[in-house]
Amino acid sequence: MMIKAIVLDIDGTLTNDDKEISLATRKALLAAQDIGVKVILASGRPTTGMLRYADQLELPQHHGLLVSYNGAKVTDCTTKEELFSQTLSVAEGKAVLTHLQNFDLKIMIDKDDYLYVHNVYDNLVHYDDKSINIIEYEARGGNYKLCEIDQLADFLDFPLHKILTAGDADYLAQHAEAMAAPFVGKLNSAFTAPFYYEFTAQGIDKAKALDTVLTPLGIRPEEVIAFGDGHNDRTMLAYAGTGVAMANAVPELKAMADHITLSNNEDGIAHHLQQLVH
């Protein structure tokens, strides 16, 4: 079966641990586009946090797509047209933000150029014996300015593509079920890393976003190859005719993938695509 689209998670998949695309991976993806394959980046990141990678891969020159906010929004890199968008309503956002006040979390929401948080100095999460300034990381990654808001629930008067929470990995593991409980069957919520837990609209995931935009383009699931490493990549790999897990992927993703390639630090994408582009 001819491959017509390559779908790539970003963090831990497309990029190495230094958050860079290796030369070999970049060359492989440029070569794929040169023979007409559409390249799609699909991430939990906001759209603004994906643009530099899109530029490095020349997606604007090839009508590449950005699936951002874990599938809540899809953008054509060439035209900047929004092809799909599904948000949390203001009422849903307020309900989630109010409930999350009961937990020890760093809560982040965005609009336009700003990332809104309760306290820019309450910014550390702990994972794998490391401390991470998670608010700085999100602000830098999304090219946001920071703004403190005392009560995010009271402040909110606009729909959201997602609500991002961060916390110590052990704490989130213990409290995620209680965080999600009032919204089961009403909204989507999921881990996107051991220290991230996110809320999106009901039914939103990377697979739904892909199906919504690829079907009108005449690209069938069996003509798609998808690469990922995290829990939020499960639906994407299941949707694609060929699902490839990185060697550094979570065990659950490896178990359901069609193939396992080398890690994100070992040019795993380029390694697997060699037969496609040569």
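Which residue forms a salt bridge with Asp9, and how far apart are the closest N and O atoms? In this predicted model, the partner of Asp9 is Lys206, and the closest N and O atoms of the two residues are 3.2 Å apart.

## A link between distant parts of the chain

The pair of Lys206 and Asp9 joins parts of the chain that are 197 residues apart. Lys206 belongs to helix H8, which covers residues 206-214, while Asp9 sits in the loop between strand E1 and helix H1 (10-14). In the whole structure, the search finds 13 salt bridges, and the contact of Lys206 with Asp9 is one of the salt bridges in this model.

## The open sheet

Eight strands make up an open sheet with mixed pairing, and their order across the sheet is E5-E4-E3-E2-E1-E14-E15-E16. At the edges lie strand E5 (82-85) and strand E16 (259-260), each of which pairs on one side only.

Within this order, strand E1 (residues 5-8) and strand E14 (residues 224-228) run parallel and are joined by four bridges. Leu8 has Phe227 in E14 as its bridge partner. In general, the strands of a sheet pair through backbone hydrogen bonds, in either a parallel or an antiparallel manner.

## Two domains

The chain is divided into domain 1, made of the segments 5-85 and 204-276, and domain 2, which takes in residues 90-200. Where the two domains are in contact, domain 1 contributes 15 residues and domain 2 contributes 13 residues. The centres of domain 1 and domain 2, taken over C-alpha atoms, are separated by 24 Å.

## The interface between the domains

Between domain 1 and domain 2 an area of about 1100 Å² is buried, and carbon and sulfur atoms give 46% of this area. On the side of domain 1, Thr48, Tyr69 and Ile204 together supply 42% of the area buried against domain 2, which is more than any other three residues.

Across this interface there are zero salt bridges, whereas eight residue pairs are in polar contact between the two domains. The residues of domain 1 that touch domain 2 comprise four nonpolar, seven polar and four charged ones.

Conventions
Residues numbered from 1 in each chain as written. Predicted model: local features only at pLDDT ≥ 70, side-chain atom pairs only at ≥ 80, totals over all residues. Heavy atoms only, no water. Domains from an automatic or database assignment. Contact = heavy atoms within 4.5 Å. Buried area = accessible area lost by both parts, 1.4 Å probe. Salt bridge = Lys/Arg side-chain N within 4 Å of Asp/Glu carboxyl O. Polar contact = N/O pair within 3.5 Å; in protein donor to acceptor, adjacent residues only side chain to side chain. Nonpolar A, V, L, I, M, F, W, Y, C, P; charged D, E, K, R; others polar. Pairing = 2+ DSSP bridges. Helix = DSSP H or I, 4+ residues; strand = E, 2+ residues; numbered from the N terminus.
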